[in-house]
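The plan is to look things up one at a time and jot down what turns up.

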Amino acid sequence: MRDRGLKISRTSALYETKAMYLEDQQNFINGACEIETSLGPLELLDQLKKIEKDLGREKTIENGPRTIDLDILLYDNRIVEDERLSVPHKRMLEREFVLRPLCDLIPHRTMPTPSSIATFQDLLDTLPPSAEVLSPLTPVSSRLDPVSSQNPGRPTHLMAILNLTPDSFSDGGLHPITDPTLLFPVLQSHLSQPNPISILDVGGQSTRPHAPQIPPGEELSRILPPIKSIRLDPSFNKLAISVDTYRTSVAAAAIEAGADLINDVSAGQMDPEMLPAIARLGCTCILMHMRGTPETMNKLTDYPEGVINGVGKELLARVREAEVAGIRRWRIMLDPGIGFAKTQAQNLELLRRFPELRDFEGLRGFPWVVGASRKGFIGKITGVEEASERKWGTAAAITAAVQGGADVVRVHDVGEMGQVAKMADAIWRD
């Protein structure tokens, strides 16, 4: 669509459903998008039909298997009645797989008819409950199944932290970077656990408070050799790699070297080119809540409306910026930023009230990453000064995160936290 001059403003999430009518076909992936065009409704329909044909759609039987199916649901506030096209779409209000994506975009709009007073969200809420929960899908990597953030039985993914820095608060200097293959036994151990990791988060620049900033070239020299080496070893074929960076040049080079997603603690705020670059790369990103920089964040902890409202509104703004930059909604994961511009009390409140943040208007359906592992507030509460010894406190925080709905937990202690996440899943996930 974009290549044919149809400007895509925003997209919904993607939703998987069983096939309708002719059930002997693959599941459907459903979504909605908001576009800007100078084409009239029928001209737009012609263009969409050309796209369908170019993508391989051949209609052999009614409601049979199809590669792609593009429909016009709404066209501004116009009503169109033509033998080829009816707008609004005749059956959209009875189909959850249409209304739910539409509510990602325009939940408070109404049908463009004089008698319409119910919003699309109202109409969605009145539909009878589905036999199966319709959950958004977020592709992390071709190596993993998509994250299904609203599926009540979904497993919690483990993201292992690989800090290739000499000064990280917990494990700085522990991992060799001169010979990346020396990391392989650790990674093999992570994958051979009863509850193995799904994602490896590789970082070369510390984001601890007051950490010195290194040049991008030095950050790249730390992370690229391990990423390339891991990708050359077939034993790591099922391991997704995220790059923990807020620099565009580092992120782009890491993706080119074989990383799958970008984990930006600043959500694009520390490098204005980051969000457009993620859109061009077409990869999934993690947008974390932070204020200021690692040097200033600990002074920026005032949330006049409360930390849940503050973090929710600011993350929603980051999502809107990502959409404007061209990042699709199904390519976004969120992180509340435990320990970043938060006091101890605020960190605890985020964990305690995490379901409220997940249900914040505009953020519903996004998958969430929570990284509380070994954080300073855990040490203060438990009295454990040495970060590497904070396993018990971390376990409690991870349990709370899973109960609250986290999809991914970012951890240092893979074996122990894998057991914690597995047990928490057994208790709180259907």
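Helices (H or I, at least four residues) and strands (E, at least two) are DSSP runs, numbered from the N terminus.

Ground rules, before I go on. This is a predicted model, where local features need pLDDT of at least 70 and side-chain atom pairs count only at pLDDT 80 or more, while totals for chains, interfaces and linings use all residues. Residues are numbered from 1 along each chain as its sequence is written, and side-chain values use heavy atoms, with hydrogens and water left out.

**Entry: around β11**

I looked at both faces of β11, and both are covered. Ala240, Ser242 and Asp244 are buried on one side, Ile241 and Val243 on the other. Next I looked for partners; two strands pair if DSSP finds at least two bridges between them. Strand β10 (residues 199–203) runs parallel to β11, joined by 5 bridges, and Val202 stands opposite Val243. Strand β12 (residues 261–264) is also parallel to β11, with 3 bridges, and there Asp244 faces Asn263.

Then I traced the connections. β10, helix α5 (residues 216–232) and β11 form a right-handed β-α-β unit. β11, helix α6 (residues 248–257) and β12 form a right-handed one too. Right-handed here means that, with the strands pointing away from the viewer, the path from the first strand over the helix to the second runs clockwise.

**Entry: α6 and its cover**

I counted burial in α6 and found 7 of its 10 residues buried, so I noted it as mostly covered. The buried ones are Thr248, Val250, Ala251, Ala253, Ala254, Ile255 and Ala257. What covers them? The cover includes α5, β11, β12 and α7 (274–281). After α6 comes Gly258, with a positive phi near 130 degrees.

From the α5 side I picked Leu220. Leu220 counts as buried because its relative accessibility is 18%. Not counting residues up to four places away in sequence, Leu220 touches Pro225, Ser249, Val250 and Ala253; contact means heavy atoms within 4.5 Å.

**Entry: the cores**

A nonpolar core is a set of buried Ala, Val, Leu, Ile, Met, Phe, Trp, Tyr and Cys residues joined through side-chain atoms within 4.5 Å. The largest one has 78 residues, and Ile223, Ile332, Leu334 and Leu363 touch the most other members. Helix α8 (residues 307–325) supplies the largest share of this core, 7 residues. Another core lies apart from it, with 17 residues, among them Leu73, Phe120, Leu123 and Leu134.

Leaving aside neighbours within four places in sequence, its contacts include Gly312, Leu315, Leu316, Val319 and Trp368.

**Entry: a second sheet**

I also found an open sheet of 4 strands, in the order β3-β2-β7-β8, with antiparallel pairing. Its edge strands are β3 (28–30) and β8 (147–148), each pairing on one side only. Strand β2 (residues 14–17) and strand β7 (residues 136–138) are joined by 2 bridges, and Leu14 sits opposite Leu137.

Background to keep in mind: most residues other than glycine have a negative phi, and most peptide bonds are trans.

Which bond is cis? The one joining Val87 and Pro88 is, with omega about 0 degrees. Pro88 is in the loop between β6 and α2 (96–105). Ser86 is in strand β6 (residues 86–87), and its side chain makes a polar contact with that of Glu81 at 3.3 Å. A polar contact is a pair of N or O atoms within 3.5 Å; within protein, one must be able to donate a hydrogen and the other to accept it, and residues adjacent in sequence count only if both atoms are side-chain atoms.

Two residues other than glycine have positive phi: Asp76, near 50 degrees, and Ala267, about 55 degrees. Asp76, in the loop between α1 (41–54) and β5 (80–81), is exposed at 60% relative accessible area. Ala267, in the loop between β12 and α7, is buried at 0%.

Methods
Buried means under 20% relative accessible area, exposed over 50%, partly exposed in between (1.4 Å probe, protein chains only).
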